[in-house]
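User: I'm new to this structure and would like a close look at one part of it. Could you pick out the disulfides and walk me through what surrounds them?

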Amino acid sequence: MELRLIALTFIVGICTVSARPTGSRFGWNISNETCTSENCRLPDCFCSGVTAPTGMSTSEVPQMVMLTFDDAIAAQVWPYFGEILPSVKNPNGCSMSATFFVSHEYTNYYHVQLLRSQRHEIADHSITHRVPSTWWKNATKEEWSEEINGQRTILRLFGGVEDVEGFRAPFLQPGGDRQFEVLYEGKYLYDSSLTTLHFTNPPIWPFTLDYPSIMDCNIPPCPTKSYPGLWEVPLVDLEDKNGVYYSMVDEFSPATEDEAYEFLELNFNRHYTTNRAPFGVFMHAAWFQRFPYTIAAMKRFLAKLAGMQDVWLVSASQAIEWIRKPTPLSHIADFPAWQCNQPAPKVCAEHEAHQCYYPDMDGGKLCHVEQGLKTLNATQLPCSLGRSGVSHLMVTCAECPPHYPWYGNPTGK
């Protein structure tokens, strides 16, 4: 058996990945039918593998880079997004699109709506992001539905996001068919929770869950049924110069800015110089807090990519759209899904955003409303603490709901 070194991290406030086996193949218990180009055809079905769609020559495949962030859009991380995202352009002159997998607690929904208005993708990361991670492994289908569909409701009502199409499980801990049945029945476009150690060089492409996959199941339980048309955007493990593997960027602890930059460049080149499968820069913004010099490394890395005419910084859903409708580099300037000529989603003016104060997370009632954004902390909330000892501030362009939205009550009514 191939021996691989896997980084173990424990970082307060972000997802962690625990030790995992190097993975048996996951498949379906309802069919042994093999996925082929005859029974699985684009745009709605794509077999798992390491070959570009339609067998397109690598020289004609745009290298897609998907920068994604997990967890709450909170005050502590918000400044980083403004520092690294606005100046990065794609070859057609449009700004890059990142994907934000948003969990609920401490999220500023005015900022969510602002990100969406800047053409970034907003995806689902559950309401509670609760601990321990084993809860997600054992959760019932009903519990998964409350977490997944509930957060989609919150993002729509208070973030103004009408097109939540993707989901990532907290802690990258899948729930097997219980999770994937919820996504399939909810007509989600894709999941991005499954990691691969075996298909990193060359890396595996995103694929649909119609047929059994060649991909390894590193963190069980993985899906065992067929979910036609539901895409998986796998987390292709990253490797450092010492051969240690990581599922997410922020598991890597660089000693310097140069080491952080070289780590990003090393893994990008593994995609760019082989089959050009989409390269995922999957991370938490807490990396920038823990290692402040990594923000400069990320800016250098994105600037390098922005200077390459065959590299495009796109959201996960935009990457899927290219796979569904493969377009060679010679015609990519006209690819509709990567244009920015349509009106952007709207957001309220900053002074119109509502600040909704709740003295108790556990169903706490609204106690105060202000308009306009301020810099506040929990000790400055104009409400006494409730029985849980926790107060919450929720900022939104929408009207404040009477109760703090939460698991079992996503509308706050």
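Analyst: Let's start with Cys348, which is buried at a relative accessible area of 16%. Keep in mind that this is a predicted model. The partner of Cys348 is Cys397, and the two are joined by a disulfide with an S to S distance of 2.1 Å. The torsion about that S-S bond is -70 degrees, making the link left-handed. This pair connects distant parts of the chain, 49 residues apart: Cys348 sits in the loop between α9 (316-324) and β17, and Cys397 in the segment after β19. Cys397 has a relative accessible area of 19%, under the 20% limit, so Cys397 counts as buried too.

β17 (residues 354-358) runs antiparallel to β19, and five bridges join them. Along the way, Cys356 stands opposite Met394 in β19.

The whole structure has six disulfides. One of them joins Cys35 to Cys47, S to S 2.0 Å. Its torsion is about -85 degrees, so this disulfide is left-handed. Both cysteines lie in the loop between β2 (24-25) and β3 (63-70), so the pair ties together parts 12 residues apart in sequence. Another links Cys40 and Cys45, with sulfur atoms 1.9 Å apart. That link is left-handed as well, at -105 degrees. Cys40 is buried at 7% relative accessibility, and Cys45 is buried at 7%.

Notes: Residues numbered from 1 in each chain as written. Predicted model: local features only at pLDDT ≥ 70, side-chain atom pairs only at ≥ 80, totals over all residues. Heavy atoms only, no water. Pairing = 2+ DSSP bridges. Helix = DSSP H or I, 4+ residues; strand = E, 2+ residues; numbered from the N terminus. Disulfide = S-S within 2.5 Å. Buried < 20%, exposed > 50% of the residue type's maximum accessible area, 1.4 Å probe, protein only.
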